[in-house]
Amino acid sequence: MDVGFWVVIGIVGAAALGFIIYYIIKIAKMTPEERKKLLVDWLVTAVNLAESELGSGHGEEKLAEVEAYFKKKAPWLLKIIYAISGEDNLKDLIEAALDSIEKKKKKKKERSTEEAPDKEEGTEE
């Protein structure tokens, strides 16, 4: 084989190794709270996806779907973070994601009720 081929393989291997080392260091520097937040943020998307597929209700089915989706589709980096996060149960993280969604809905509802009187006053003029 050609020497240039092995040089290219070496460069690609070194780049991949550098990429992996960079993310390992990045994960190691994260606090447990930052790791949990990263996982919860990703799970919010998975919960919203399950909600759109199954609709409201169906709590146990959605929970099972989000767990399966995480195990099947989550990037390897998130799976590593989950493994070293110290979290015992994926269900607890999914519950945290649900709480996050509920808080966002509540804030959005509060903002819309605060803006509604202003709009009504503007229409009276």
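Student: What makes up the lining of the largest pocket by class: how many nonpolar, polar and charged residues?
Tutor: Six nonpolar, two polar and four charged residues. Ala, Val, Leu, Ile, Met, Phe, Trp, Tyr, Cys and Pro count as nonpolar, Asp, Glu, Lys and Arg as charged, and the others, Gly among them, as polar. This is a predicted model, where local features need pLDDT of at least 70, side-chain atom pairs count only at pLDDT 80 or more, and totals for chains, interfaces and linings use all residues. Residues are numbered from 1 along each chain as its sequence is written, and side-chain values use heavy atoms, without hydrogens and water.

Student: Which helix gives the most to the lining of the largest pocket?
Tutor: H3, with five residues. Helix H2 (32-54), helix H3 (59-73) and helix H5 (90-124) each supply at least two; helices are DSSP runs (H or I, at least four residues), numbered from the N terminus.

Student: Why are H2 and H3 called oblique to each other?
Tutor: Their axes, which come within 9 Å, cross at roughly 125 degrees. Axes are lines fitted to C-alpha atoms over the stretch in contact, with angles from 0 to 180 degrees between N-to-C directions. Under 35 degrees is roughly parallel, over 145 roughly antiparallel, 65 to 115 roughly perpendicular and the rest oblique. H2 and H3 are therefore oblique.

Student: Which residues of H2 meet H3?
Tutor: Among them are Leu39, Trp42 and Leu43, which belong to the H2 side, while the H3 side includes Tyr69 and Phe70; contact means heavy atoms within 4.5 Å.
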